[in-house]
Amino acid sequence: MGKTFAEKVLGKAAGYEVKANDVVTVEPHFCMSHDNAAPIAKTFKKIGVKNVWKPDALVFILDHAVPAPSDEHAVNHKEIREFVKEQGIPHFYDVMSNGGVCHQVMCEEGFALPGLIMVGSDSHTCTYGAYGAFSTGIGRSEMAAAWATGKIWFKVPESLKITVTGKFKKGVTAKDLILKIIGDIGADGADYMSVEFHGQGIADMTVAERMTLCNMGIEMGAKNAVCPPDEKVLDAIKGKAKSDKWEAIWADADAIYAKELAYNLGDLVPCVAKPHTVDNYAAIDAVKGTEIHQAFLGSCTNARIEDLRAAAEILKGRKVAVRTIVIPASWTVYRQAMKEGLFDTFLDAGCVIANPGCGPCMGNHEGILAPGETCISTANRNFKGRMGNKESFIYLASPLTVAASALTGKISDPREVL
Amino acid sequence: MKITGKVWKYGDDVNTDVIFPGKYTYTIKDRAEMAKVALEDLDPEFTKSAKAGDIIVAGKNWGCGSSREQAVSCLKERGIGAIIAKGFARIYYRNCLNEGLPIIVSPEAVDAIEAGDEVTVDFDAGQIVTKKGTFPFPPYPEFVRGLIEDGGLIPHVKKSLGLS
């Protein structure tokens with residue numbers, strides 16, 4: 001009988017055949033933490049183990065509030081630097097120009113690799129599924145225990161197969177696909193499941209587009225989300241893999257799925273997730289004209305070079321009508337955008353460009369909303385209070401829709417300005 | 001183990017941002033301080049007057065969103081005796097077990113319980129006793145019971161490594 005991706009990858013890591021709902025204990029290949037490495041280090045010390053199990057399996061990337069906007073954040077960063085030194089952790093991305101948003105850096109720097117088991121103390125760790133990794137978010141205590149023991153338990157998840165065919169129409173993107181899927185199945189529609197993306201529609205997508213899909217797997221409750229480790233992925237990791245343990249693993253054609261869905265890209269339209277839940281789907285026509293006060297182009301979901309190019313295409317030679325914050329996902333993206341002249345386009349249009357990092361995505365800094373304000377954002381969550389104030393409203397959309405809306409100060413259809 | 005407490009009842013898809021707002025993730029480090037802001041974006045009344053031993057009853061997908069463990073710590077520290085829901089988000093579920101905060105999935109009990117009711121959860125018998133009847137729930141697997149009895153994952157790991 002065929003096996004799903006999750007059954008194969010977890011079976012390989014466990015060293016024996018497994019099936020959905022078995023419980024396995026495995027050794028993760030990489031453990032990623034961001035600014036929360038400091039509290040995790042404190043918990044780790046409580047266990048009483050002196051050294052982490054494998055210093056080079058830990059990756060720390062400061063991104064949630066960088067450079068430190070307050071005393072508390074500065075102390076937090078300092079504690080991480082001290083722990084890195086004490087434990088001899090080689091993979092540390094401090095507030096320097098090789099860093100950025102953790103998930104982007106993990107992919108750019110060659111940590112995200114096919115067939116690896118990767119855990120992160122951030123729910124969007126599922127992003128690395130775009131590279132064919134089994135990657136999932138865990139809490140702080142679990143991460144501390146993983147550092148100490150090199151072990152983590154997983155229930156082998158049941159799998160949801162989503163087959164994607166067809167081609168995007170003009171103005172429609174991977175973000176519109178994932179918002180539509182989450183809208184259809186709900187915020188718990190894939191709870192505890194491994195989501196596998198299949199089909200020619202996925203094969204035609206860039207790795208960056210697949211990162212947008214996998215990034216939002218958690219927004220439908222998934223344990224992990226994954227795309228096939230095809231030639232595009234192998235090209236993307238060529239010469240930069242940070243581990244030699246990787247192996248291109250994919251589901252068997254006759255694997256058993258708990259649920260199957262199919263989407264044709266040609267059926268999709270630009271859309272948003274309305275406040276305050278990610279599954280609150282609305283096609284663009286239903287929300288067109290809604291007044292906004294801020295547009296945010298950033299986050300681990302949609303701030304790659306491809307996203308900035310797409311937004312710049314709309315903003316070129318035009319002016320924004322509301323404050324528009326652009327935050328590239330990493331310094332590599334930042335440098336590339338600068339080289340391509342995209343920053344001139346953004347600045348000429350009236351946008352503000354901030355340094356790579358998570359920025360206002362979870363209400364830390366660089367674009368907090370005031371009571372009564374509405375933001376259209378390329379990020380992955382529109383929860384109440386997410387951008388700092390519980391009386392504000394967040395709409396999620398693609399970089400194209402965010403750029404089109406920035407021009408008018410109202411939620412707008414990108415197809416009308418492309 | 002048996003817990004009797006007053007019920008705070010909430011709906012579906014209550015996420016970690018409203019249980020413990022993201023803006024506090026690096027500004028509040030002390031667990032007692034975390035407990036003071038629990039649920040402040042959802043229910044100021046809870047934030048003001050929830051007591052140790054109270055029970056949270058919720059709809060589906062409680063705790064969706066961030067991996068932020070403080071969204072469990074703040075309730076554990078507040079003394080919440082148990083959370084009964086129609087369903088839990090995966091990371092939140094694991095975080096609860098790891099913090100030693102008992103959680104129970106029982107859609108039937110959730111439908112029968114109203115805000116302000118007094119409810120008893122009998123973990124040994126596997127029963128939720130409400131005004132409208134008694135609802136059974138399956139006992140925790142041994143592994144999970146061990147975690148909760150040891151007071152959570154960290155004491156459990158300490159013990160398993162012979163460090164406590």
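Predicted model: local features only at pLDDT ≥ 70, side-chain atom pairs only at ≥ 80, totals over all residues.
**Exercise 1.** Classify the ring pair A:F60 and A:W147 as stacked, tilted or edge-to-face.

Solution. The structure holds 20 aromatic pairs over all chains. In the pair of A:F60 and A:W147, the ring centres are 5.3 Å apart and the planes stand at 40°. Planes under 30 degrees apart count as stacked and over 60 as edge-to-face, with the rest tilted. The pair is therefore tilted.

Next, locate the two residues. A:F60 belongs to strand β3 (residues 58–61) of chain A, and A:W147 to helix α5 (residues 140–149) of chain A, so the pair ties together parts that are 87 residues apart in sequence. Both A:F60 and A:W147 are buried.

**Exercise 2.** Classify the ring pair A:F134 and A:F154, and decide whether each residue is buried or exposed.

Solution. The ring centres of A:F134 and A:F154 lie 5.5 Å apart, with the planes at 75°. An angle over 60 degrees counts as edge-to-face, so A:F134 and A:F154 form an edge-to-face pair. Strand β6 (residues 134–137) of chain A holds A:F134 and strand β7 (residues 152–155) of chain A holds A:F154, so the pair links parts 20 residues apart in sequence.

For burial, the cut-off is under 20% relative accessible area. A:F134 has 0% relative accessibility and so counts as buried. A:F154, also at 0%, counts as buried too.

**Exercise 3.** Name the residues that form one aromatic cluster with A:F60, and state which ring B:K6 lies over.

Solution. The cluster consists of A:F44, A:F60, A:F83 and A:W147. B:K6 lies over the face of B:W8, at 4.2 Å from the ring centre.

Terms used:
Residues numbered from 1 in each chain as written. Chains lettered and ligands numbered in written order. Heavy atoms only, no water. Phe/Tyr/Trp six-rings, centres within 6.5 Å; stacked < 30°, edge-to-face > 60°. Helix = DSSP H or I, 4+ residues; strand = E, 2+ residues; numbered from the N terminus. Buried < 20%, exposed > 50% of the residue type's maximum accessible area, 1.4 Å probe, protein only. Lys NZ or Arg CZ within 6 Å of the ring centre and 35° of its normal.
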